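Reader: I have the sequence and the model open. Can you take me through a few places in it?

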Amino acid sequence: MAKTAKKGLFSSMTAVRLLLLLVFIVAIVVMDAITGWKMFSFSERGLNNGIYILRQCVFPVCVAWGMTFIFGSGLVDLSIGAQVALGANVGAILAVQAGWGYVGLIIAPLVVIVACELAVVLCSEVFKIPGWIAGLGCGLIFEAILAIWSASASKSLGSSVINLPKELKVLGTWPWNVIIMLVMFVIVYILQNRTTIGVELKAIGGDPAVASAVGINRRKALIVAIVIGALCVAVGSICYISYGGKVEGSTGLASLTTIFKALAIVMLAQSLNSFVSEPVGVLFAGIFIMALVDFMTKLKIEAGTLQEVVLGAIVVICGVLSRIGYKGVAK
């Protein structure tokens with residue numbers, strides 16, 4: 001009887017997620033049709049809408065891949081947006097003011113974001129507090145550090161942000177940013193599906209006690225997952241500032257809005273994990289989410305209004321679907 005119930009639950013879960021996948025595919029086709037089949041158009045002449053959507057995917061998708069490692073380890077860190085802003089600005093300072101060029105632009109975000117993520121883990125592990133609380137506290141600190149520097153720079157430099165010159169924005173241009181995303185996809189896919197890192201990540205994220213019982217060093221696996229996730233976020237941060245030329249600081253955890261699309265992508269990818277692996281799901285979800293945002297923009301629905309309502313609904317619905325059949329306590 002127990003096996004029958006489990007099979008019934010699995011069948012129900014699979015059916016719901018299959019229906020969701022079909023709904024998304026139909027939605028993409030409908031959106032494309034409404035725009036005159038131009039949403040994913042490609043041409044030989046310069047930038048077009050298909051390439052535009054792919055370019056918009058780079059930052060949230062790379063951050064979402066980072067989240068799959070960080071959240072997958074059991075740490076729900078909400079300071080990632082603040083880390084992106086801090087890492088990008090430190091990179092810009094070293095690249096422009098210190099004259100380090102691409103060395104500073106690339107190395108600084110990698111070091112800063114890994115250090116920030118490890119600080120969140122340290123707070124959570126040492127003080128035995130939930131990761132989301134540690135993340136919120138650390139996020140406020142990271143925002144404050146950037147705000148203090150911005151206030152000082154505004155007086156001494158006349159600007160609160162560093163603007164990258166054109167020659168330092170290559171990594172944010174087509175096709176380099178999309179190439180970076182595809183390389184990241186291959187690396188993340190291999191790590192999660194072809195190495196012991198992926199196995200240990202699923203183990204410590206699912207049930208740390210069981211993982212320890214079978215001989216997995218939870219703390220070591222946690223640190224490895226966090227570092228890899230932070231590096232993915234850092235790559236996203238580099239592409240982000242290279243695309244826009246600057247990253248504005250914020251306070252009061254307003255940086256959370258920076259990663260909201262990435263969060264929606266992760267939730268959608270998790271709701272599809274019955275059919276595709278998480279790295280593939282993130283890439284698919286990223287294209288869908290950014291196509292949806294582009295579609296709403298074409299319908300004159302501006303960001304800050306109904307766009308956020310739609311994305312919020314996706315996060316909630318996919319979050320519910322991703323928990324179907326889960327017997328533990330939601331964290």
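**Notes on the fold**

Reader: Which residues does D77 touch, not counting those up to four places away in sequence?

Author: D77 touches I70, F71, Q83, E117, V120 and G135 on that basis. Contact here means heavy atoms within 4.5 Å. This is a predicted model: local features need pLDDT of at least 70, side-chain atom pairs count only at pLDDT 80 or more, and totals for chains, interfaces and linings use all residues. Residues are numbered from 1 along each chain as its sequence is written, and side-chain values use heavy atoms, with hydrogens and water left out.

Reader: Where is D77 found?

Author: In the loop between α2 and α3, the latter being residues 80-97. Helices are DSSP runs of H or I with at least four residues, and strands are runs of E with at least two, numbered from the N terminus.

Reader: Is D77 buried or exposed?

Author: D77 is buried, because its relative accessible area is 0%. Buried means under 20% relative accessible area, exposed over 50%, and partly exposed in between, with a 1.4 Å probe and protein chains only. Its contact V120 is 43 residues away in sequence, and the two C-alpha atoms are 7.6 Å apart.

Reader: What about S237, where does that lie?

Author: S237 lies in helix α9, and with a relative accessible area of 0% it is buried. Apart from residues up to four places away in sequence, S237 touches F59, V84, G87, A88, P109 and I113.

Reader: And I162, what's around it?

Author: I162 is in the loop between α5 and α6. Leaving out residues up to four places away in sequence, I162 touches N89, A92, I93, V96, Q97, W149, L157, G245 and K246. The C-alpha atoms of I162 and A92 are separated by 6.1 Å, though these residues are 70 apart along the chain. At 8% relative accessible area, I162 is buried.

Reader: What is the phi of K128?

Author: It is near 55°, a positive value in a residue other than glycine. K128 follows α4 and lies in the loop between α4 and α5. With 66% relative accessible area, K128 is exposed.

Reader: And L253, what's its phi?

Author: About 60°, again positive, and L253 is not a glycine. L253 is in the loop between α9 and α10; at 17% relative accessibility it counts as buried.

Reader: How far apart are the end C-alpha atoms of helix α4?

Author: 38 Å, for residues 102-127. The 26 residues should span 38 Å at 1.5 Å a residue, so the two values agree. The expected span is 1.5 Å times one less than the number of residues. For α10, residues 260-271, the 12 residues should span 16 Å and the ends are 17 Å apart, which agrees.

Reader: Which residues of α10 are buried?

Author: A262, A264, I265, V266, M267, L268, A269 and S271.

Reader: How many residues are in the largest nonpolar core?

Author: 90, and those with the most contacts inside it are W65, I80, F288 and I289. Helix α2, residues 49-72, gives the most to this core, with 13 residues. A nonpolar core is a set of buried Ala, Val, Leu, Ile, Met, Phe, Trp, Tyr and Cys residues joined through side-chain atoms within 4.5 Å. Leaving aside neighbours within four places in sequence, I289 is in contact with A264, I265, L268, L311 and I314.

Reader: Last one. Which helix gives the most to the lining of the second largest pocket?

Author: α2, with 7 residues. α2, α9 (218-244), α10 and α11 (278-298) each supply at least two residues of that lining.
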